[in-house]
Amino acid sequence: MFSFEFLIRILPDLLRGLVVTVEATLGGFALALIVGLALALGRRSGVRALRLFCDGYIALMRCTPLLVQLYFVFYVLPSYGIRFPALMTGILCLGLHIGAYIAEVYRAGIDGVPDGQWEAARALGLKPYALWTRVVLPQALPPMIPPLGNFLIGLFKETPLLAAITVVDIFGAANNVAGLTYRYNEPYTAAAVILLAVSLIAAYFVRKLERRFDRTASGQSG
Amino acid sequence: MDWGHLLALDTLPQLLKGAAVTLKITLMTAVLAFILSFVVGFLRLVPNRWVRRLVTAYVEILRGTSAIVQLFYLFFILPAFGLSLPPTATAVIGLGLNLSAYGSEVVRAGILAIGKGQHEGAAALGLNRVQTYRLVILPQALVAMLPSFGNLLIELVKATSLVSLITITELTFSGRQMVVTTGRSVEIWTWVMLLYFAMAYPLTWVVRGAERYAARYR
């Protein structure tokens, strides 16, 4: 039922797929960090229209499936003459989608800086640039790191969807093997085990980060 | 100007039929996942170490691999072992198992959040274990769990789009079909997005209401 010989033969294909999965994860996450920051700042802005736009964007991204967003970008943009390779489309969608969730992490981090810090910085006459880089961000960033790590793992687990728009990630590679050989057990089991291994290892490091930043946070307040 | 053609209104009946299937699968999965969440959540709290380890492995495996991989597994591999389920059952069981891993964490956290004093108070009143949970712990824990369950329900509405990849004619699948037959991708994908939004967005109000209710209850 399960042939290790066959598994070893298809393993190089799957590992090539894993490289694409990692590329999509890191690319999508980098974009999500930027999109999330833009949204978090937009929601704090004094311009009402901008705030409404950001709220609407976040609601739309959170209330529609990533798969449909992928189809939308993959099939609709070309009809306007805009063409990306499939992997680029995937990275774009992952970034735009996860960015809507990450905006909330930034917001919580910035709101977590006590009012007294803002007031003290203003009382010292700091300009906005110094206020953000010297006072607010050094305190706001460390607590954001564990939740951002969790979103990175979450994004990694969403990447198999890219196979639906023809990206040959690890899941796409497993699909290709299954389609060519009609053997489903080995490719899908291997893909599942590899995904599980990567996400468990990543979760271990996120938990370590969590403990570390908990300690520094309690150390500061004490 | 022909608005009906411009907005591809003729594709709507088919899409709405798909949306009905999406709702049906969402509801069936939600019921299954809700029950499983409590079973798994309670099993993670039993004294027996081996039961706890087994259930923890269940949760970690289901959360550590993607829902789509799990669905494909059930859809393509179980039949090879002589166990063929109809696609809808595969979808509901696959999504339900996946969601129960997340739901069980909600249950576990909700029960652990109830203070020791409540357990002691119940014991002092002479309540037995079942009575303690039924009358004291669960009524408080359930309220605290409501917002998280609401968020999981929103995730579930979106996750049902995955079952389009195992041949179920729900909203996303209907969208793909209509694009193939009519070639009007812009209008149809916009409608599909709007229909998902119409199903999921009202749930965010429910979650906010539940949050307020839970905050008042505390």
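Predicted model: local features only at pLDDT ≥ 70, side-chain atom pairs only at ≥ 80, totals over all residues.
The expected span of a helix is 1.5 Å times one less than its number of residues. Helix α7 of chain B, residues 129–159, contains 31 residues, for which a straight helix would reach 45 Å.

The buried residues of α7(B) include A141(B), M145(B), P147(B), S148(B) and F149(B). Further along the helix, L152(B), L153(B), L156(B), V157(B), K158(B) and A159(B) are also buried. These buried residues pack against four helices of chain B, namely α2, α4 (67–77), α5 (87–112) and α9.

The model as a whole has an ipTM of 0.90 and a pTM of 0.90. For chain B, the mean pLDDT is 92, and 98% of the residues reach 70 or more. Within chain B, confidence is highest in helix α2 (residues 12–43), with a mean of 96. Helix α1 (residues 3–6) of chain B has the lowest confidence, with a mean of 70.

Chain A comprises 8 helices and 0 strands. Chain B comprises 9 helices and 0 strands. The C-alpha trace of chain A spans about 70 × 45 × 25 Å along its principal axes, and the C-alpha atoms of chain B fill a box of roughly 75 × 50 × 25 Å. Chain A has 222 residues, of which 35% count as buried. In chain B, with 218 residues, the buried share is 38%. Among the contacts in chain A with a separation of 6 or more, 78% are between residues 24 or more positions apart. For chain B, 79% of the contacts between residues at least 6 apart in sequence join residues at least 24 apart.

Helix α3 of chain A, residues 66–76, is mostly covered, with 9 of its 11 residues buried. The buried residues of α3(A) are L66(A), L67(A), V68(A), Q69(A), L70(A), Y71(A), F72(A), V73(A) and F74(A). Both chains contribute to the covering of these residues: it includes α4 and α6 (128–158) of chain A, together with α8 (171–182) and α9 (185–217) of chain B.

The largest nonpolar core has 97 residues. The residues with the most contacts inside this core are L70(A), A174(A) and A191(A) from chain A and L71(B), V192(B) and Y196(B) from chain B. Helix α4 (residues 86–111) of chain A gives the most to this core, with 10 residues. When neighbours within four places in sequence are left aside, V192(B) is in contact with V68(A) in chain A and with L15(B), L171(B), T172(B) and G175(B) in chain B.

Between the chains, 27 residues of chain B are in contact with 27 residues of chain A. On the side of chain B that touches chain A, the elements giving two or more residues are α3 (49–64), α4, α8 and α9 of chain B. Helix α9(B) gives the most to this side, with 9 residues. By type, the residues on this side of chain B divide into 19 nonpolar, 6 polar and 2 charged.

Technical notes:
Residues numbered from 1 in each chain as written. Chains lettered and ligands numbered in written order. pLDDT = per-residue confidence, 0-100. Core = buried A, V, L, I, M, F, W, Y, C linked by C-beta atoms within 7 Å. Buried ≥ 20, exposed ≤ 12 C-beta atoms within 10 Å, placed from the backbone. Contact = placed C-beta atoms within 7 Å. Nonpolar A, V, L, I, M, F, W, Y, C, P; charged D, E, K, R; others polar.
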